[in-house]
Amino acid sequence: MDHVDRILAQWRQERPDLDTGPMGIFGRLKRLQQALAEGMALEFEGYGLNAASFDVLATLRRAGPPYALSPSALMEWTMVTSGTMTNRLDRLETAGLIVRRRNPEDGRGQVVALTDRGLALIDRAVASHVANQHRLIAGLPPEIRDQLDAGLRAWLALLDARDPGAKG
């Protein structure tokens, strides 16, 4: 019996009229997300990054050469607001990991690009991050990993179908 089971038992005692089954799924997802975020944050800290800065640098890196995107594309990929993105970019620029320059395709706009230092850092950090993710999931047999991945993909597809404006 885990912590969530104990909470569900309390609800069954106090409100036997409620079907609290979904509460177990949401409770476990929340606890899992917290544990995984902590495990990943420790890895990012070793590179002087946090989850937000890693997200921006990784998004630029996986865009491929020249490792540059418009601020609006970065906002779309990272699913944050303009103000949040500006704050992240300011910090990364101060750290010398990105530069903002005029967009060669549209002189009125800007692109955000990795510096050589930013590219070297994210290449090291992402390799470490992937290894860390393997460690975090190592206890799950491959068939459970596959079932979990398929189940979460299906659930997200259902939610996205209900909200066509959702980003997936």
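Let's start where two helices touch: D55, V56, T59, L60 and R62 in α3 meet L74, W77 and T78 in α4. Sorted by type, the residues of that contact come out as four nonpolar, two polar and two charged. Keep in mind that this is a predicted model.

**How α3 and α4 cross**
- The axes of these two helices, α3 and α4, come within 10 Å and cross at roughly 110°.
- Angles from 65 to 115 degrees count as roughly perpendicular, so that's the label for α3 and α4.
- As for handedness, α3 and α4 make a right-handed crossing.

**Next along: α4 and α5**
- Here the axes of α4 and α5 are 10 Å apart, and the helices pack at an angle of about 105°.
- That makes this pair, α4 and α5, roughly perpendicular too.
- On the α4 side you'll find P71, L74, M75 and T78, which meet S82, M85, R88 and L89 in α5.
- This contact of α4 with α5 splits into five nonpolar residues, two polar and one charged.

- In soluble globular proteins, nonpolar side chains tend to be buried together.
- The largest nonpolar core here has 22 residues, and L49, L57, L60, L74 and I98 have the most contacts inside it.
- At least two core residues each come from α3 (51-62), α4 (71-78), α5 (82-94), β3 (106-114) and α6 (116-137).
- The largest share, five residues, is from α3.
- Skipping its neighbours within four places in sequence, L49 is in contact with F44, F54, L57, L97, L121 and A125.

Technical notes
Residues are numbered from 1 along each chain as its sequence is written. This is a predicted model: local features need pLDDT of at least 70, side-chain atom pairs count only at pLDDT 80 or more; totals for chains, interfaces and linings use all residues. Side-chain values use heavy atoms; hydrogens and water are left out. A nonpolar core is a set of buried Ala, Val, Leu, Ile, Met, Phe, Trp, Tyr and Cys residues joined through side-chain atoms within 4.5 Å. Buried means under 20% relative accessible area, exposed over 50%, partly exposed in between (1.4 Å probe, protein chains only). Helices (H or I, at least four residues) and strands (E, at least two) are DSSP runs, numbered from the N terminus. Contact means heavy atoms within 4.5 Å. Axes are lines fitted to C-alpha atoms, for helices over the stretch in contact, and angles run from 0 to 180 degrees between N-to-C directions. Angles under 35 degrees count as roughly parallel, over 145 as roughly antiparallel, 65 to 115 as roughly perpendicular and the rest as oblique. A crossing is left-handed if the near helix is turned anticlockwise from the far one by less than a right angle, and right-handed if clockwise. Ala, Val, Leu, Ile, Met, Phe, Trp, Tyr, Cys and Pro count as nonpolar, Asp, Glu, Lys and Arg as charged, and the others, Gly among them, as polar.
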